[in-house]
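Hi,

Here is the structure I said I would pass on. Have a look at it first, and my notes follow below.

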Amino acid sequence: MATVMKVNPTRMELSKLKKRLKTARRGHKLLKDKRDEMVKQFLELVRKNRELRTEVEENLKQVQTFFSVAAATMSSQAVEEALICPKQEIVLETDTKNIMSVIVPKFNYTMTGKDSDIFSYGFVTTTAELDVAVGALAKIVSQLVELAETEKSVQLLASEIEKTRRRVNALEHVMIPNLEVTVKSIVMKLDENERGNITRLMKIKDMMLAETRHENIT
Amino acid sequence: MNKIACVGDKDSVLGFMAIGFEVHTADTLPEAEKTVKSLAESAEYPVIFVTEEYYNGMQHLISSYSEKTVPAIISIPGKNGSQGTGLAAVKALTEKAIGADIALNS
């Protein structure tokens, strides 16, 4: 329910409030547009995120199975020993991207070392199953990085959308109605004063006329 | 130089060593929580993967980083397979932003 603000019913206040109302309306429109566009972007990202998620989880599940098989065919110390000194090192570069003034990260990764050479161990002590597992994992690195990027963007965008939505609602349902009623009540008050003034003048005029007439008669 | 970190129990994350992730093993949840916290604070790891079991246990810690651009703390299924944490999180975020989880599978 809109309430009238506590302000003095003067012309000064009226023009101030009118200006505020105009600003509020403009802000409301802009924020609404911002929200709509963000939701559009968000939905695209969410769709992408969902697809990537399902894919990555599927692939990781497979990789885990490979590793379980590898662990079964070798002793766990041997597995650990084989993996502990990786040849590959991933260097991640973080860039930022601006989606509707939300700063989201953008990840670029580079692998040091040759592309084909992912195996950090000699083939004497390890089994072929481990090769399969490591190979499968190396293939999904790009997916994992992309998933991280998308998921973070979705998180950031979601909280920004929520904030914007609150602002839009506050303007639409509280601020603007309040300003409107207040402006209206001030206008009515000023009009009432004006009318009171006119009646008073008319009354005085009548009284003065009556007085002059009375003087003329006598 | 920024790197990708990975936190989880030994069996789940050991493989990531081979492809150059920096692997931190943790046997208990408090240990994992401490590790993730120090990794996130150090600002050298823009991406931190955490296995679902631990991810679910440290929601509080993770949400304190959700407003920041980096680090991105992302859940991955552990050795027990996916429990649907990732997709549930996406669903929750959609609900938060739009107010309803509308069908996106189309």
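**Where the two chains meet**

In this predicted model, 33 residues of chain B are in contact with 50 residues of chain A. On the side of chain B that touches chain A, β4 (72-76) and α5 (85-98) of chain B each supply at least two residues. The largest share, eight residues, comes from α5(B). If you sort the residues on that side of chain B by type, you get 20 nonpolar, nine polar and four charged.

**The sheet in chain B**

Chain B has an open sheet of four strands in the order β2-β1-β3-β4, with parallel pairing. β2 (22-25) and β4 of chain B stand at the edges with a single partner strand each, so one side of each has no neighbour in the sheet. On average, neighbouring strands here are turned by 20° against each other, direction ignored. Strands β1 (residues 4-8) and β2 of chain B run parallel and are joined by four bridges; for instance, Cys6(B) has Val23(B) in β2(B) as its bridge partner.

Chain A comes in here too: its helix α4 (residues 141-217) packs on the sheet and touches β3 (47-51) and β4 of chain B. The direction of α4(A) makes about 120° with that of β4(B).

Which residues of helix α2 (residues 76-83) of chain A are buried? They are Val79(A), Ala82(A) and Leu83(A). These residues cover an arc of only 90° around the axis, which puts them on the same side of α2(A). The buried residues of α2(A) pack against α1 (11-73) and α3 (128-139) of chain A.

Cheers

Definitions and conventions:
Residues are numbered from 1 along each chain as its sequence is written. Chains are lettered from A and ligands numbered from 1 in the order in which they are written. This is a predicted model: local features need pLDDT of at least 70, side-chain atom pairs count only at pLDDT 80 or more; totals for chains, interfaces and linings use all residues. A residue is buried if 20 or more other C-beta atoms lie within 10 Å of its own, exposed if 12 or fewer, and partly exposed in between; C-beta atoms are placed from the backbone. The arc is that of the directions from the helix axis to the C-beta atoms. Two residues are in contact if their C-beta atoms, placed from the backbone, lie within 7 Å. Ala, Val, Leu, Ile, Met, Phe, Trp, Tyr, Cys and Pro count as nonpolar, Asp, Glu, Lys and Arg as charged, and the others, Gly among them, as polar. Two strands pair if DSSP finds at least two bridges between them. Axes are lines fitted to C-alpha atoms, for helices over the stretch in contact, and angles run from 0 to 180 degrees between N-to-C directions.
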